[in-house]
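Let's take a friendly walk through the charged pairs and aromatic rings of this protein. Keep the structure open beside you as you read.

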Amino acid sequence: MKFDYDKLIGKIKEKFRNRKELAKLIGITHQSLSMKLNNHFPFTTWEIEKIRIYLDIEPKDIHLYFFQPKVEKIQQ
């Protein structure tokens with residue numbers, strides 16, 4: 001299953017100048033973060049928790065940022 005990270009990406013833009021800053025804070029490379037945001041690799045529980053803290057996401061809202069199914073648009 002693929003997840004829609006648009007809300008997470010928006011929050012990253014709101015809090016940081018770029019994704020590199022967040023990647024460094026959570027201990028992964030910018031490339032790894034990009035691959036995760038593009039659904040190539042899943043976020044670990046520990047990464048989700050670190051990101052939640054740095055982006056001031058309430059625990060009750062984690063599902064809104066990390067677990068929203070991506071809806072594929074059907075082209076006609």
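Are Lys-36 and Glu-47 buried or exposed? Both of them are buried. This is a predicted model, so please read every value here as computed from it.

**Salt bridges**

The structure holds 6 salt bridges, and the table shows some of them.

| Pair | Closest N to O |
|---|---|
| Lys-15 and Asp-56 | 2.8 Å |
| Glu-49 and Arg-52 | 3.0 Å |

Lys-15 and Asp-56 form a salt bridge with 2.8 Å between the closest N and O atoms. Lys-15 belongs to helix H1 (residues 6–15), while Asp-56 sits in the loop between helix H4 (45–54) and helix H5 (62–66), so this pair ties together parts that are 41 residues apart in sequence. Lys-15 has 36% relative accessibility and therefore counts as partly exposed.

Because Lys-36 lies in helix H3 (residues 30–37) and Glu-47 in helix H4, the two tie together parts that are 11 residues apart in sequence.

Glu-49 and Arg-52 both belong to helix H4, 3 residues apart, so about one helical turn separates them. Glu-49 is partly exposed at 27% relative accessibility, whereas Arg-52, at 15%, counts as buried.

**Aromatic rings**

Turning to the rings, the count comes to 5 aromatic pairs. In one of them, the ring centres of Tyr-5 and Phe-43 are 5.3 Å apart and the planes stand at 80 degrees, so the pair is edge-to-face. The two residues link distant parts of the chain, with Tyr-5 in the segment before H1 and Phe-43 in the loop between H3 and H4, 38 residues apart. Tyr-5 is buried at 6% relative accessibility, and Phe-43 is buried at 10%.

Phe-43 also pairs with Phe-66: their centres are 5.4 Å apart and their planes at 85 degrees, so this pair is edge-to-face. Phe-66 lies in helix H5, so its pairing with Phe-43 ties together parts that are 23 residues apart in sequence. At 1% relative accessibility, Phe-66 counts as buried. Phe-3, Tyr-5, Phe-43, Phe-66 and Phe-67 form one aromatic cluster.

A charge meets a ring as well: Lys-7 lies over the face of Tyr-65, 5.4 Å from the ring centre.

**Around Leu-25**

Leu-25 lies in helix H2 (residues 19–26) and is partly exposed, at 38% relative accessibility. Leaving aside residues up to four places away in sequence, Leu-25 touches Phe-16 and Tyr-54.

Terms used: Residues numbered from 1 in each chain as written. Predicted model: local features only at pLDDT ≥ 70, side-chain atom pairs only at ≥ 80, totals over all residues. Heavy atoms only, no water. Helix = DSSP H or I, 4+ residues; strand = E, 2+ residues; numbered from the N terminus. Buried < 20%, exposed > 50% of the residue type's maximum accessible area, 1.4 Å probe, protein only. Contact = heavy atoms within 4.5 Å. Salt bridge = Lys/Arg side-chain N within 4 Å of Asp/Glu carboxyl O. Phe/Tyr/Trp six-rings, centres within 6.5 Å; stacked < 30°, edge-to-face > 60°. Lys NZ or Arg CZ within 6 Å of the ring centre and 35° of its normal.
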